[in-house]
Amino acid sequence: MRDWIVACAVGDIDEEDLIRWDHEGHAFAIYNTEEGFFATDVMCTHEQQSLEDGLVIGTVIECPLHQGRFDVRSGKALSAPVCVDLKTYETRVEDGKVFIKL
Ligand code: FES
């Protein structure tokens, strides 16, 4: 069964930015985009690089190491060298908090 877990407050993430969130040994990236909040795994699927220092452009995250890009809404790999999609997680906002479904 999957549960909704509070990850952070809405105000914890600047607009067009992301934070890393660690939960039970797993690291997630939570994004505040022009289309709302989204969550993915924090590790790039190309090499062992965290996306937390990456650049958020609209609803796209650009990896800081080789500039591969993913759509944070779907996790879809958009540009070389990434070709494996990121895992995504459902999010919702309630009472000023961002919840992730795990
Ligand atoms: S490690 Fe992310 S694009 Fe290479």
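User: Which residues does I30 touch, not counting residues up to four places away in sequence?

Analyst: Two residues are in contact if their C-beta atoms, placed from the backbone, lie within 7 Å. By that criterion, I30 touches A7, C8, I13, L18, I19, W21, F37, A39 and V98. The model is predicted: local features need pLDDT of at least 70 and side-chain atom pairs pLDDT 80 or more, while totals for chains, interfaces and linings use all residues. Residues are numbered from 1 along each chain as its sequence is written.

User: Which residues touch the most other members of the largest nonpolar core?

Analyst: In soluble globular proteins, nonpolar side chains tend to be buried together. A nonpolar core is a set of buried Ala, Val, Leu, Ile, Met, Phe, Trp, Tyr and Cys residues joined through C-beta atoms within 7 Å; buried requires 20 or more other C-beta atoms within 10 Å, exposed 12 or fewer, and partly exposed lies in between. Here the largest core has 24 residues, and L18, F28, A29, I30, Y31 and I61 touch the most other members. Its largest share, four residues, comes from β3, strands being DSSP E runs of at least two residues, numbered from the N terminus.

User: In what order do the four strands of the open sheet stand?

Analyst: Strands of a sheet pair through backbone hydrogen bonds, either parallel or antiparallel; pairing here requires at least two DSSP bridges. The order is β5-β6-β7-β8, with antiparallel pairing. Because β5 and β8 each have a single partner strand, one side of each is left without a neighbour in the sheet. Three bridges join β5 to β6, and V56 stands opposite I61 in β6.
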